[in-house]
Amino acid sequence: MSSSNTTNWAATSGGAGGASVPTSVDTVTIDANSGSGTITVNYDFTIISLTCGAMNMTLDFATNNVNPTFSSLLNMAGSGTRTINMGNGTFTIGGTGNAFQLNATTNLTFSSGESTILITNTSNTTATLALQSAITINKIIFSRGASTATNAITIASNTSPFLTINTLI
């Protein structure tokens, strides 16, 4: 399924296709009602948030190495049988609180590739990456301008193998 094809988008979970492709004013949920197969993301996009932990499919950013922007949240935590391939793009996240959630990894096959997670919120509110051990993140950058808030990485489990971050800036 192509992410830029309107026949693949619905206004409600499990609804009929034909809705507009999501834009910067939309929140996106891909869940168990979204079907099966592979969603190939084929363009750089900006949305408010993406929640995809309950999906039972593959979300492929790697084929086209796109650079998505989430003004609030990227949540991949959950227990759906899912595969997420991040590729070599930059995932820009502007949220506070748990801005990037990958802390429940049951049934997850995850590949960060050479991707970068870029946290850009400039408010004075803590930005947190909620992660699970036993995954590898290629690069995380906190680029928060004049913000004096805390940058935090929380790990949901301390069991081996541990979380691996190749580059942290």
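Student: In which strand is the place of Thr154?

Tutor: Thr154 has its place in strand E13. Strands (E, at least two residues) and helices (H or I, at least four) are DSSP runs, numbered from the N terminus. Please note that this is a predicted model, in which local features need pLDDT of at least 70 and side-chain atom pairs count only at pLDDT 80 or more, while totals for chains, interfaces and linings use all residues. Residues are numbered from 1 along each chain as its sequence is written, and side-chain values use heavy atoms, with hydrogens and water left out.

Student: Why is Thr154 called partly exposed?

Tutor: Buried means under 20% relative accessible area, exposed means over 50%, and partly exposed lies in between (1.4 Å probe, protein chains only). Thr154 has a relative accessible area of 39%, so Thr154 is partly exposed.

Student: How far apart are Thr154 and Ala130 in sequence and in space?

Tutor: Their separation is 24 residues in sequence and 4.9 Å in space, C-alpha to C-alpha.

Student: What makes Asn151 and Ile155 count as partly exposed?

Tutor: Asn151 lies in strand E13, and Ile155 is found in strand E13 (residues 151-155). Asn151 has 38% relative accessibility and therefore counts as partly exposed. Ile155, at 45%, therefore counts as partly exposed.

Student: Which residues make the nonpolar surface patch of about 250 Å²?

Tutor: The patch is made by Ile153, Ile155 and Leu168. Patches are made of residues with over 30% relative accessible area and no salt bridge; nonpolar side chains (Val, Leu, Ile, Met, Phe, Trp, Tyr) are joined within 5 Å, and like charges within 9 Å. A salt bridge is a side-chain nitrogen of Lys or Arg within 4 Å of a carboxyl oxygen of Asp or Glu. Accessible areas come from the Shrake-Rupley method with a 1.4 Å probe, and for residues only the protein chains shown count as cover.

Student: What is the value of phi in Asn65, and what is it in Asn107?

Tutor: Phi of Asn65 is near 45°, a positive value in a residue other than glycine. Phi of Asn107 is near 60°, again positive in a residue other than glycine. Most residues other than glycine have a negative phi.

Student: Where does Asn65 lie, and where does Asn107 lie?

Tutor: Asn65 lies in the loop between strand E4 (58-60) and strand E5 (69-75). Asn107 lies in the loop between strand E8 (97-102) and strand E9 (108-111).

Student: How do you know that there is one cavity of 30 Å³ or more?

Tutor: On a 1 Å grid over the protein atoms alone, a cavity is a set of points where a 1.4 Å probe fits but cannot get out; a pocket is an open set with protein on both sides within 12 Å along at least five of seven lines; lining residues have an atom within 4 Å of a point. By this rule the count comes to one cavity of 30 Å³ or more. Among the 13 residues that line the largest cavity, the closest to its centre are Ser3, Trp9, Val28, Val41 and Phe45.

Student: What is the volume of the largest cavity, and what is that of the largest pocket?

Tutor: The largest cavity has about 130 Å³, and the largest pocket holds about 520 Å³. A volume is the space filled by probe spheres set on the points, and grid points are joined across faces, edges and corners.
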